[in-house]
Amino acid sequence: MLADWNTVYKACLGILMEERTETKKSLPWVATSLLVKICKFKISETSKCPQIIKFQIEMVPCGQEVTFTSHLIPGNFIMSANKQQQILILQYRCPKLTRIKVISVVTMAVFSMVLIAFYCLQSGIHNRSTVCSLPHNLTTLVTKDFKKSRQKIVTTIPNGFKKSRLKIAHTHRQLPQCLIIGVKKGGTRALLNYLNIHPDVVTASDEIHFFDRNENYNQGFDAYRHEMPFSFKGQITIEKTPAYFTSPKAPKRVFRMNNSMKLLLVVRDPVERTISDYAQVAEGKRMKNKPWELFEDKVIDRKTGQVDKTYSGIQRSIYIRHFIRWLEYFQLSQFHFIDGDNLVRNPYKEVVDVETYLRLDPRIKVENFIFNKTKGFYCVKIDEKEKCLSDSKGRKHPDVDPNVYQKLQHFFHPYNERFFHRIGRRFNWS
Ligand SMILES: Nc1ncnc2c1ncn2[C@@H]1O[C@H](COP(=O)(O)OS(=O)(=O)O)[C@@H](OP(=O)(O)O)[C@H]1O
């Protein structure tokens, strides 16, 4: 099915029509860069010749601007739409090869390669074998643009998983080689977003809950892989689900899938983490007009006056208890700890440490972090655009009775000490 601008427009609105139209329009392209905006899309003339590249594109709501830029010779695209799966497929084809066209195509190809080589040398990435190839150029540019919109371009499918549907030639879905396992409310979303800046990193936008939920784990690793974004060879896929850290089954399951998994753990002052955990749940209840207890009533057993160890918010903050379960399967060297409190104050430092740990080229710059005074947090800045986390991150914490706060500090102290001892590193938690 060939599609014209109108079909793309309709598809953008989420209405895939049965119409079979064939309209030929020229594809805008600038120098060797080909620009396709899904919602402002034009199709060039079509002719049969070997297929060069094929894009599968997720459905994009209108108004959401998605840009492909690639260093390709100019040619044609054929768009097809798979109504059932709601996938748009852009197929790049070269035009009919007359002698003049062959010459111009070859000239263009050489010109493109020179430009690509120039680009690679300029960006200092020439020392990596696959990086300077066309796919990587695509990766860098496509992921930059798609990453921005990916979160909004997922559709719920029956098993509760979310689907990501961007497929570009030479890409495939890979099982993650790195997991952000926790801790809940530690700053895991911020970390994932920061790492996403790196061109060699792709991230699963949703929490997949594969290792902690039986119904997901029982679907097998292939189902899990299917939840991962498409990536090029050499890119690292990262998934974050903070519930993994406290799940008794997760360590063994992760180990079974990949015993050399790299594990990132964002830790935060356990007292603050507990308050944050409470604030999230309390807000949820408030929104549903359900009754909620005061923080003090939640964490202190009023009969004994002691910290209520049965409260899940407290249990999740006893890091050592969960961590020793992970050590049954993984070496300490497989973990990298991120100081969640410092991640708020100085994200660049924490992220560069992760970059080093993952042996990534240093591509994340201090300029990528910009402090947003209104939010009171750092946001990501790429291409002059600033992206902050949603308001569900950085909620106002309740004012806590100082005596209760102190009780909590006392309570966590021995657990913290054991944790520091086990990991060979201390954090600024009193
Ligand atoms: N840049 C930036 N923007 C907003 N929020 C930031 C940021 N960096 C770290 N944080 C802290 O992240 C805390 C939420 O942690 P998580 O993302 O791990 O929460 S969750 O477990 O996924 O619900 C959240 O905790 P609360 O402030 O208690 O809500 C933030 O303090």
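Which element gives the largest share of the shell around the ligand? That element is α4, with four residues.

## Basis of the model

This is a predicted model, in which local features need pLDDT of at least 70 and side-chain atom pairs count only at pLDDT 80 or more, while totals for chains, interfaces and linings use all residues. Residues are numbered from 1 along each chain as its sequence is written, and side-chain values use heavy atoms, with hydrogens and water left out.

Helices (H or I, at least four residues) and strands (E, at least two) are DSSP runs, numbered from the N terminus.

## The ligand and its shell

The ligand is surrounded by 22 residues, where a residue counts as near if one of its heavy atoms lies within 4 Å. The closest are K185, T188, K240, S276 and H397. By class, the shell has eight nonpolar, six polar and eight charged residues. Here Ala, Val, Leu, Ile, Met, Phe, Trp, Tyr, Cys and Pro count as nonpolar, Asp, Glu, Lys and Arg as charged, and the others, Gly among them, as polar.

Backbone N or O atoms also face oxygen atoms of the ligand: the distance is 2.9 Å for G394, 3.0 Å for R189 and 3.3 Å for G186. A polar contact is a pair of N or O atoms within 3.5 Å. Taken alone, the ligand exposes 650 Å², and the protein buries 95% of that; accessible areas come from the Shrake-Rupley method with a 1.4 Å probe. Two or more residues of the shell come from each of α4 (188-195) and β20 (377-382).

## Helix α15 and helix α12

The axes of helix α12 (residues 319-327) and helix α15 (residues 402-423) come within 8 Å and cross at roughly 30 degrees. Axes are lines fitted to C-alpha atoms, for helices over the stretch in contact, and angles run from 0 to 180 degrees between N-to-C directions. α12 and α15 are therefore roughly parallel to each other (under 35 degrees; over 145 is roughly antiparallel, 65 to 115 roughly perpendicular and the rest oblique).

In α12, the residues Y319, I320, R321, F323 and L327 meet Y415, R418, F419, R422 and I423 of α15, contact meaning heavy atoms within 4.5 Å. These residues divide into seven nonpolar, no polar and three charged.

## Helix α15 and helix α9

Helix α9 (residues 270-287) has an axis that comes within 9 Å of that of α15, and the two cross at roughly 120 degrees. That makes α9 oblique to α15.

P270, V271, E272, T274 and I275 of α9 make the contact with Y405, L408, Q409, F412 and N416 of α15. By class, this contact has six nonpolar, three polar and one charged residues.

Technical notes:
A polar contact is a pair of N or O atoms within 3.5 Å; within protein, one must be able to donate a hydrogen and the other to accept it, and residues adjacent in sequence count only if both atoms are side-chain atoms.
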